[in-house]
Amino acid sequence: MSTVTMIYAGMFYIATLLLVVGLGYKIFDYSRTPAPLKIPTTPAPTTQKGVVYRMAKEVVLFESLFKSNKWIWVFGWLFHFGLFLVLARHLRYFTEPVWFWVVIVQPFGKYASIMMVAGLAGLLARRFLVDRVRYISTPSDYLMLVLLIAIGLSGMLMTFVAHTDIVALKSFFMGLMYLDLKPIPQDPILLVHLALVALLMVIFPISKLLHAPGVFFSPTRNQVDNPREHRHVAAWAARLDQNN
Ligand code: HEM
Ligand code: HEM
């Protein structure tokens with residue numbers, strides 16, 4: 001087995017471990033963080049079903065961002081929806097047989113890459129061009145966008161310009177999953193794409209990208225507006241009550 005294959009195999013095992021453990025730990029930590037106050041942003045749903053509907057609108061349509069800023073909404077939504085389709089298309093590298101809906105999504109995922117990168121470009125331009133946003137932007141805000149753009153562009157180069165050996169690539173990743181190592185195709189663009197993806201996986205659990213699981217734990221979004229019907233007691237306060 002070539003050195004490059006060994007390095008990439010090791011890199012992806014470590015990156016996956018850090019992503020799964022890191023993300024698992026953060027989600028566990030979020031789940032046990034007390035929400036001592038009743039603070040749903042009103043007007044808020046008064047039933048649990050209503051909360052699910054509100055959360056779905058927030059995650060799928062970015063409703064509150066739409067209400068607050070149309071430009072960021074356009075670019076942000078283009079990027080995220082593009083990313084979603086691109087990632088759905090990528091599932092074909094990790095599944096055998098490929099699920100039928102992943103087959104259907106293939107052509108959409110291919111062109112969604114344009115949405116994704118255009119959205120990211122708009123978000124990056126905003127960080128440079130809008131004074132009040134530039135003022136509060138940190139290096140990590142820029143780096144995150146640049147990293148995602150680099151992943152997107154390297155992917156698009158393979159899809160639209162210089163193809164890589166998809167069959168060999170799939171056998172490498174299936175091999176990783178079933179502990180049966182196969183050689184990785186050694187095109188430079190693919191190697192760059194994959195190294196950047198591994199970097200993204202490692203920084204995900206220690207960066208602002210945690211907003212993806214975090215949104216589900218936001219008390220302003222996930223609480224039912226029922227403080228007149230039920231007294232709100234945080235879990236830790238309820239335990240204290242019992243002990244006294
Ligand atoms: C449940 C899934 C997700 C939801 C609901 C979500 C929602 C959002 C929202 C509402 C913004 C705010 C835009 C703004 O006000 O500036 C945002 C920003 C961002 N999201 Fe997500 N996101 C999700 C998943 C992801 C994932 C998986 C990634 C990357 C792998 C990602 C990358 C980013 C980045 C880089 C920004 C910052 C853009 C900027 O510079 O302003 N998001 N997201
Ligand atoms: C281990 C994970 C990944 C592997 C093995 C992988 C592999 C590939 C390959 C082989 C292509 C070329 C497809 C073709 O020629 O038809 C591609 C394209 C692409 N990749 Fe990835 N990639 C991975 C993760 C990601 C991630 C996390 C992102 C986004 C953040 C991404 C974004 C893209 C984009 C935008 C394209 C171009 C559009 C497309 O063909 O889907 N990739 N990727």
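This is a predicted model: local features need pLDDT of at least 70, side-chain atom pairs count only at pLDDT 80 or more; totals for chains, interfaces and linings use all residues.

The chain has 12 helices and zero strands, and two of its helices, α1 and α9, come within 8 Å of each other, axis to axis. The iron atom of ligand 1 is coordinated by H80 and H211, while the iron atom of ligand 2 has H90 and H193 as its protein donors.

**The chain as a whole**

- The C-alpha atoms fill a box of roughly 65 × 45 × 40 Å along the principal axes.
- The chain has 244 residues, and 35% of them count as buried.
- Take the contacts between residues at least 6 apart in sequence: 72% of these join residues at least 24 apart.

**The iron atom of ligand 1**

- H80 and H211 each use their NE2 atom to coordinate this iron, at 1.9 Å.
- H80 belongs to helix α4 and H211 to helix α10 (residues 211-214), so this pair ties together parts that are 131 residues apart in sequence.
- For comparison, the ideal angles for six octahedral donors are 90 or 180 degrees.
- H80 counts as partly exposed, with 27% relative accessibility, and H211 also counts as partly exposed, at 45%.

**The iron atom of ligand 2**

- The NE2 atoms of H90 and H193 lie 2.0 to 2.1 Å from this iron.
- H90 sits in helix α4 (residues 70-90) and H193 in helix α9 (residues 188-203), so the pair links parts that are 103 residues apart in sequence.
- The six donor atoms around the iron atom of ligand 2 subtend angles of 87 to 178 degrees, which makes this arrangement octahedral.
- H193 has 9% relative accessibility and counts as buried because that is under 20%, whereas H90, at 25%, counts as partly exposed.

**Helices α1 and α9**

- The axes of α1 (residues 3-31) and α9 cross at roughly 25 degrees.
- That angle is under 35 degrees, so the two helices, α1 and α9, count as roughly parallel.
- The crossing in which α1 passes α9 is left-handed.
- On the α1 side, the residues making the contact include V4, Y8, M11 and F12, and on the α9 side they include L191, V192, L194 and A195.

Note on methods
Residues are numbered from 1 along each chain as its sequence is written. Chains are lettered from A and ligands numbered from 1 in the order in which they are written. Side-chain values use heavy atoms; hydrogens and water are left out. Donors are N, O and S atoms within 2.8 Å of the metal (3.2 Å for Na, K and Ca); water is not among the atoms, so sites may look incomplete. Four donors count as tetrahedral if all angles lie between 85 and 135 degrees; four count as square planar and six as octahedral if opposite donors are over 155 degrees apart and all others between 65 and 115; anything else is irregular. Helices (H or I, at least four residues) and strands (E, at least two) are DSSP runs, numbered from the N terminus. Buried means under 20% relative accessible area, exposed over 50%, partly exposed in between (1.4 Å probe, protein chains only). Axes are lines fitted to C-alpha atoms, for helices over the stretch in contact, and angles run from 0 to 180 degrees between N-to-C directions. Angles under 35 degrees count as roughly parallel, over 145 as roughly antiparallel, 65 to 115 as roughly perpendicular and the rest as oblique. A crossing is left-handed if the near helix is turned anticlockwise from the far one by less than a right angle, and right-handed if clockwise. Contact means heavy atoms within 4.5 Å.
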